[in-house]
Amino acid sequence: MVMEDREEAMREADEKAMPTRRAVLQAALGTAAVATLLSSLYVGAGLIPRVTKTPENEPPQEGDILVYATGAKMNQPILTSDLAEGGPFQLAFPMDPKTKVIRNKEPKNTLLVLKQPPGSYDAKVAAHAAQGVVCYSAICTHLGCTVSLWDAAQKLMRCPCHGALYDPRQDRVVSGPAPQALAQLPIRLEGAQIVVAGAFLGPVGAQV
Ligand code: FES
């Protein structure tokens, strides 16, 4: 009897020390699930298109000149004399003056440029304007549409998608769903040409 009791105790101890068949199976399934998840993540990462950096999709660079983004003068430099004081604005892209590369392969490089009486800007906007000419990102901060409409009566910029209204004199949202103002792009003048003088002063594109 004593011998049988000892054998029974040893058998129970062995069973406790060894993982059960179910535990082994669960562990294997868990490992497989993790491996599958990781594989899918790697595959997914492989499917995300990588944007190759080129001069055409670089953000505006200091020294770039502004050219028309649309219309009969598309790709030609915008001259300050082209802009009527009081609006409307012109849509623009930055262009490297040396290589003539127009940075129009990145939607966030779409700009709007306009001229207002120099005294009409608040101090913050005026600090990065030039003789009444001011430049902003044209990408709405709501959902990223191009701000393409000019409200001539109020002298405001309007997004065609959901009606956000932006004031170019104070760089603020007047009304609509846009969460913040358009990012101003500092400029200077070289002769009649409008030249980028620095990086955007705020985030560009949808901010929701
Ligand atoms: S995307 Fe401009 S108001 Fe909605």
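**Close-up views of a predicted model**

**Figure 1. Asp-171 in the loop between β7 and β8.** Asp-171 is located in the loop that runs between β7 (165-167) and β8 (172-175). In this predicted model, the residue has a positive phi of about 50 degrees although it is not a glycine. With a relative accessible area of 14%, Asp-171 is buried, because the limit for that class is under 20%.

**Figure 2. Gln-131 in the loop between α3 and β4.** A positive phi is also found at Gln-131, a residue other than glycine, where the angle is near 50 degrees. Gln-131 belongs to the loop between α3 (123-126) and β4 (133-137). Is this residue buried or exposed? Its relative accessibility is 66%, and Gln-131 therefore counts as exposed; the class requires a value over 50%.

Figure 3. Gly-87 and Pro-88 are joined by a cis peptide bond, for which omega is about 5 degrees. Pro-88 lies in the loop between β1 (65-68) and β2 (90-95).

**Figure 4. Thr-80 and its contacts.** Thr-80 is placed in the loop between β1 and β2. Its relative accessibility of 15% makes Thr-80 a buried residue. Which residues does Thr-80 touch, not counting residues up to four places away in sequence? The contacts are Lys-115, Val-133, Leu-189, Ala-192 and Ile-194, with that sequence neighbourhood of up to four places not counted.

**Figure 5. The aromatic pair of Phe-89 and Trp-150.** The ring centres of Phe-89 and Trp-150 are 6.1 Å apart and the ring planes stand at 90 degrees, so the pair is edge-to-face. The pair links distant parts of the chain, 61 residues apart: Phe-89 is in the loop between β1 and β2, and Trp-150 is in strand β5 (residues 149-151). Phe-89 counts as buried, at 8% relative accessibility.

**Figure 6. The open sheet β5-β6-β7-β8.** An open sheet is formed by 4 strands in the order β5-β6-β7-β8, with antiparallel pairing. β5 and β8 stand at the edges and have a single partner strand each, so one side of each is left without a neighbour in the sheet. On average, neighbouring strands of this sheet are turned by 35 degrees against each other, direction ignored. Between β5 and strand β6 (residues 156-158), which run antiparallel, there are 3 bridges. Trp-150 stands opposite Met-157 in β6; Trp-150 is also one of the two residues of the edge-to-face pair with Phe-89.

**Figure 7. The hairpin of β9 and β10.** Strand β9 (residues 187-190) and strand β10 (residues 193-196) run antiparallel and are joined by 4 bridges. Ile-187 has Val-196 in β10 opposite. The hairpin has 2 residues between the strands, and Gly-191 takes a positive phi near 65 degrees.

**Figure 8. The whole chain as context for the close-ups.** The protein chain contains 3 helices and 10 strands, which follow the pattern α-α-β-β-β-α-β-β-β-β-β-β-β along the sequence. Of its 208 residues, 35% count as buried. The accessible surface of the chain comes to about 12,100 Å², and 59% of this belongs to carbon and sulfur atoms. Among contacts between residues at least 6 apart in sequence, 55% join residues at least 24 apart.

Definitions and conventions
Residues are numbered from 1 along each chain as its sequence is written. This is a predicted model: local features need pLDDT of at least 70, side-chain atom pairs count only at pLDDT 80 or more; totals for chains, interfaces and linings use all residues. Side-chain values use heavy atoms; hydrogens and water are left out. Buried means under 20% relative accessible area, exposed over 50%, partly exposed in between (1.4 Å probe, protein chains only). Contact means heavy atoms within 4.5 Å. Accessible areas come from the Shrake-Rupley method with a 1.4 Å probe; for residues, only the protein chains shown count as cover. Rings of Phe, Tyr and Trp (its six-membered ring) pair if their centres lie within 6.5 Å; planes under 30 degrees apart count as stacked, over 60 as edge-to-face and the rest as tilted. Two strands pair if DSSP finds at least two bridges between them. Axes are lines fitted to C-alpha atoms, for helices over the stretch in contact, and angles run from 0 to 180 degrees between N-to-C directions.
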